[in-house]
Structure formats: C-alpha cells, structure tokens
Amino acid sequence: PLAESIRSNTDLKFGLYHSLLEWYNPLYLQDQANNWTTQDFVNQKTLPELYEIVNAYKPEVIFSDGEWTASSDYFRSKEFLAWLYNESPVKDTVAVNDRWGNDAKCQHGGYFNCDDRLNPGNWDILYLRMDARSSLS
C-alpha cells in the first residue's frame with residue numbers, strides 16, 4: 001500500500017486529509033437540522049473513520065477540514081485528539097492542524113493554518129503551493 005511504500009522508499013512523512021463533514025450525508029443533514037444537538041453523523045461515520053485511518057495507516061500528519069459548520073464538542077474532537085496524542089499508535093509522532101471545530105481554529109493543533117490565506121508555517125504553505133491551480137487559491 002501507499003503508506004508502506006512512502007515510508008520504505010522515501011524520507012517523506014505520510015499524511016492524510018480528512019473532512020469532518022459530508023454535505024449530503026443524511027446523518028449529517030439530520031444533525032444539522034437538529035441544530036447540532038444530535039451527533040449521529042459523528043458517532044456513526046466521522047469518529048469511526050478517524051480511528052480506522054489512524055490504526056490502519058498510522059499517518060504522521062492529519063489535515064482535518066470541514067470544521068466551520070459546528071463546534072469541536074459536536075465533532076467530539078477533544079476526545080479523538082486525547083486518544084490520538086495519548087493512546088494511538090502514532091501518539092509520539094503525529095502532527096495535526098487546527099481545524100477540529102469552528103471554535104478551535106488558530107488555538108489547538110500541532111500546527112496552525114488558521115485561514116487559508118495566512119502564512120501559517122511550512123506544512124500549510126506546501127499544501128497551498130501544491131493546490132495552486134484549485135479554486136481555493
């Protein structure tokens with residue numbers, strides 16, 4: 001698989017992008033309709049997926065996105081990050097950005113990207129340069 005090949009053939013760190021939301025997922029839409037008072041989407045889709053990708057691929061970087069719609073409490077980000085940094089198989093090597101809820105930007109994470117157009121540091125500059133032809137640039 002890709003992660004193993006990168007680790008064994010390069011000096012690169014393996015990282016993954018993960019979106020906290022899915023615009024048209026029925027569970028997400030129901031939580032949104034309930035003004036984020038339910039967490040069916042998070043409990044049944046987002047968190048199980050995050051645990052799975054960490055355990056299966058052991059990324060050294062996680063770029064989280066889609067945080068602007070709801071709080072870090074809705075996404076249960078503090079719970080996941082506590083596990084990630086204290087118990088996960090990558091607890092000693094992982095770095096994450098600051099997109100874990102609309103209340104967490106520029107406050108929590110191994111590196112900050114704050115808003116796309118700020119100068120956040122080496123990780124996100126690389127991300128933005130590689131994405132120069134997209135609609136985000």
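Helices here are DSSP runs of H or I with at least four residues, numbered from the N terminus. The model is a predicted one. With that numbering in mind, select asparagine 35, which follows just after H2 and takes a positive phi of about 55°.

**The start of H2**

Asparagine 25 caps the N-terminal end of H2, with a side-chain oxygen 2.8 Å from the backbone nitrogen of leucine 27.

Now select tyrosine 24, in the loop between strand S1 (15–19) and helix H2 (26–33). Is tyrosine 24 buried or exposed? Its relative accessible area is 75%, so tyrosine 24 counts as exposed.

**Salt bridges**

The model contains seven salt bridges. Begin with glutamate 49 and lysine 45, whose closest N and O atoms are 2.8 Å apart in a salt bridge. Both belong to helix H3 (residues 40–57); because they are four residues apart, about one helical turn separates them. In general, an α-helix has 3.6 residues a turn, so residues three or four places apart point the same way. Lysine 45 is buried, at 16% relative accessible area, whereas glutamate 49 is partly exposed, at 26%.

Select arginine 99 and aspartate 65 next. These two form a salt bridge with the closest N and O atoms 2.8 Å apart. Arginine 99 sits in the loop between strand S3 (95–96) and helix H6 (122–130), and aspartate 65 in strand S2 (residues 61–65), so the pair ties together parts that are 34 residues apart in sequence. Both arginine 99 and aspartate 65 are buried.

Then select lysine 105 and glutamate 67, a salt bridge in which the closest N and O atoms are 3.1 Å apart. Lysine 105 lies in the loop between S3 and H6, and glutamate 67 in the loop between S2 and helix H4 (72–75); the pair therefore ties together parts that are 38 residues apart in sequence. Lysine 105 is partly exposed, with 25% relative accessible area, while glutamate 67 is buried, at 2%.

**Glutamate 60**

Select glutamate 60 in the loop between H3 and S2. Glutamate 60 has a relative accessible area of 17% and is buried. Which residues does glutamate 60 touch, not counting those up to four places away in sequence? They are Arg7, Lys13, Phe14, Thr93, Val94 and Ala95.

**The largest nonpolar core**

For the last stop, select Leu50, Val54, Ile62, Phe80, Leu84, Val96 and Trp100, the residues with the most contacts inside the largest nonpolar core, which has 21 residues. H3, H4 and helix H5 (77–86) each supply at least two residues of this core, and the largest share, six residues, comes from H3.

Centre the view on valine 96. Leaving aside neighbours within four places in sequence, valine 96 is in contact with Ile62, Leu81, Leu84, Tyr85, Gly109, Gly110 and Tyr111.

Terms used. Residues numbered from 1 in each chain as written. Predicted model: local features only at pLDDT ≥ 70, side-chain atom pairs only at ≥ 80, totals over all residues. Heavy atoms only, no water. Salt bridge = Lys/Arg side-chain N within 4 Å of Asp/Glu carboxyl O. Buried < 20%, exposed > 50% of the residue type's maximum accessible area, 1.4 Å probe, protein only. Contact = heavy atoms within 4.5 Å. Core = buried A, V, L, I, M, F, W, Y, C linked by side-chain atoms within 4.5 Å. Polar contact = N/O pair within 3.5 Å; in protein donor to acceptor, adjacent residues only side chain to side chain.
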